[in-house]
Amino acid sequence: MARWAGIAALAALSFSIGLTTPAGAGADSPSDAVHVFHYTWYRNPATDGSWAHWDHPVMLQGGGTGKGHRPPDEIGANFYPAAGLYSSMDPEDALRQMREIRRAGAGVAAVTWWGINHPSDASLKVALDAAEKAGIKICVHLEPFPGRNAQTTRAALAYLAETCGAHPALYRREGRPMVYLYDSYLTPPEEWAAVFAPDGADTVRGTALDCWAVGLWVKKDDGPKLKAAGFDGFYTYFATDGFTYGSTPKNWPVLNAFAKRHKMLFIPSVGPGYKDERIRPWNAENTRGREDGAYYDRMFAAALALNPEIVSVTSYNEWHEGTQIEPAVPKTVEGVPYEDYGALPPEGYLDRTRYWVEKMGASPSCPALSCVGSVK
């Protein structure tokens, strides 16, 4: 705990003296070591004929859904986007977003994908084209689509290889694309191993479908299961410190040590805060305030102290859960205010991300501990 407190103090110092990097600095050299989770499920009437996701329903505790929200003024989020209620299918909106991710210094957008016949398949292609124009890369965040298991995941990888594998914006690490597998724990390790272990009955290893398969670490004992599944590494996803064992920064040295012992990738996930009370009114216990950017700084500092090969950011635009770094603006509808970024301007989290990306690149030997105190 003392070590975590020290990192938090250094992060707070960096924030209090550090917001002097000019806008756009570092934008010409985005880092492939920073991946930002990006959601392409938004739709609006002007582009698509109807709303999708901005009208997200209230999720009832215990299951089921309640009333939907009523855009454009009343949306399923505690924050309101500065760009308005965009469509992920609009090439101009997609290009703006990829340029903002590049401005933040991140070189890879990990794009949500819910299966072959899902609308996210069409918007993945829009995102790939926009990323190419913006000069960044795309990898897939493969969600638990209906019927997902090891074999249907293998079929999904084959489909993605056929439809997107040759796209110049597809991110490759050492020649192989990367796939994040959200909620990977829903499938038993022995089933995953049939596809991802080198000696699996239907392995992708050494084939045209080979990839960096990254599973999700949730519970304390997930490490051996992820290794047995044949995953190349693991990430923590959640932006709520304390929500899971994996998402709790004080536990990251344990995860990092496990990864080193087993020659796996550890990809810590950092986030600016969490608030989902417009869609889960009963979930206030998991709210994490942004603290004018200090919460984000603490998570980034804790991640960089471990010298990871890759850091992931949750998220660029998961507005429903309030983890976005996409610009937000203050707004009040019928007396109910949307939140903003406090002392930070609408673009503040893009620039704060770039600050940490530059620190990550400046001192590979332990940037958070050796550089934080020297911010000018």
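Analyst: Let us begin with a single residue. N286 sits in the loop that runs between strand 12 (269-270) and helix 9 (294-304). Please bear in mind throughout that this is a predicted model.

User: Is N286 buried or exposed?

Analyst: A residue is called buried when its relative accessible area is under 20%. N286 has a relative accessible area of 12%, so N286 is buried.

User: Which residues is N286 in contact with, leaving aside its neighbours within four places in sequence?

Analyst: Contact here means heavy atoms within 4.5 Å. With those neighbours set aside, N286 touches T240, F243 and Y274. A C-alpha separation gives another view: N286 and D241 are 45 residues apart along the chain, and their C-alpha atoms are separated by 8.7 Å.

User: What do the figures for the whole protein chain show?

Analyst: Whole-chain figures give the setting for the single residues. The protein chain contains 11 helices and 16 strands. It has 376 residues, and 58% of them count as buried. Among contacts with a separation of 6 or more, 73% are between residues 24 or more positions apart.

User: How should I read the packing of two helices, and at what angle do helix 6 and helix 7 pack?

Analyst: One looks at the angle, the distance between axes and the residues that meet. Helix 6 (residues 189-196) packs against helix 7 (residues 222-229) at an angle of about 35°, and their axes are 7 Å apart. Helix 6 contributes P189, W192, A193 and F196 to the contact, while helix 7 contributes K225, A228 and A229. By class, this contact has six nonpolar residues, no polar residues and one charged residue.

User: What volume does the largest pocket have, and which residues lie nearest its centre?

Analyst: A pocket is open, whereas a cavity is a space from which the probe cannot get out. The largest pocket has a volume of about 610 Å³. Its lining consists of 28 residues, and those nearest its centre are Y182, F238, R280, E318 and E321. By class, the lining has 14 nonpolar, eight polar and six charged residues.

User: What is the lining of the second largest pocket by class?

Analyst: The second largest pocket holds about 230 Å³ of space. Eighteen residues line this pocket, with L157, L160, A161, L170 and P177 closest to its centre. Helix 4, strand 6 (137-142), helix 5 (150-164) and strand 8 each give two or more residues to the lining. Helix 5 supplies the largest share, four residues. By class, the lining has 15 nonpolar, one polar and two charged residues.

User: How many cavities of 30 Å³ or more does the structure hold?

Analyst: The structure holds one such cavity. About 40 Å³ of space lies in the largest cavity, which is lined by H38, T40, S88, A94, Q97, M98, S123 and A127. Helix 3 (91-103) and helix 4 (119-134) are the elements that give two or more residues to this lining. Helix 3 gives the most, with three residues. By class, the lining of the largest cavity has three nonpolar, five polar and no charged residues.

User: Where are the peptide bonds cis?

Analyst: The angle to examine is omega. The bond from P71 to P72 is cis, with omega near 15°, and P72 lies in the loop between strand 3 (65-68) and strand 4 (80-81). A cis bond also joins T314 and S315, with omega about 15°. S315 is in the loop between strand 13 (311-313) and strand 14 (328-329).

User: What is the phi of K263 and of E291?

Analyst: K263 is not a glycine, yet has a positive phi of about 55°. K263 lies in the loop between helix 8 (252-261) and strand 11 (265-267), and K263 is exposed, with a relative accessible area of 79%. E291, also not a glycine, has a positive phi of about 55°. E291 is found in the loop between strand 12 and helix 9, and at 43% relative accessibility E291 counts as partly exposed.

Notes: Residues are numbered from 1 along each chain as its sequence is written. This is a predicted model: local features need pLDDT of at least 70, side-chain atom pairs count only at pLDDT 80 or more; totals for chains, interfaces and linings use all residues. Side-chain values use heavy atoms; hydrogens and water are left out. Buried means under 20% relative accessible area, exposed over 50%, partly exposed in between (1.4 Å probe, protein chains only). On a 1 Å grid over the protein atoms alone, a cavity is a set of points where a 1.4 Å probe fits but cannot get out, and a pocket is an open set with protein on both sides within 12 Å along at least five of seven lines; lining residues have an atom within 4 Å of a point. Grid points are joined across faces, edges and corners, and a volume is the space filled by probe spheres set on the points. Ala, Val, Leu, Ile, Met, Phe, Trp, Tyr, Cys and Pro count as nonpolar, Asp, Glu, Lys and Arg as charged, and the others, Gly among them, as polar. Axes are lines fitted to C-alpha atoms, for helices over the stretch in contact, and angles run from 0 to 180 degrees between N-to-C directions.
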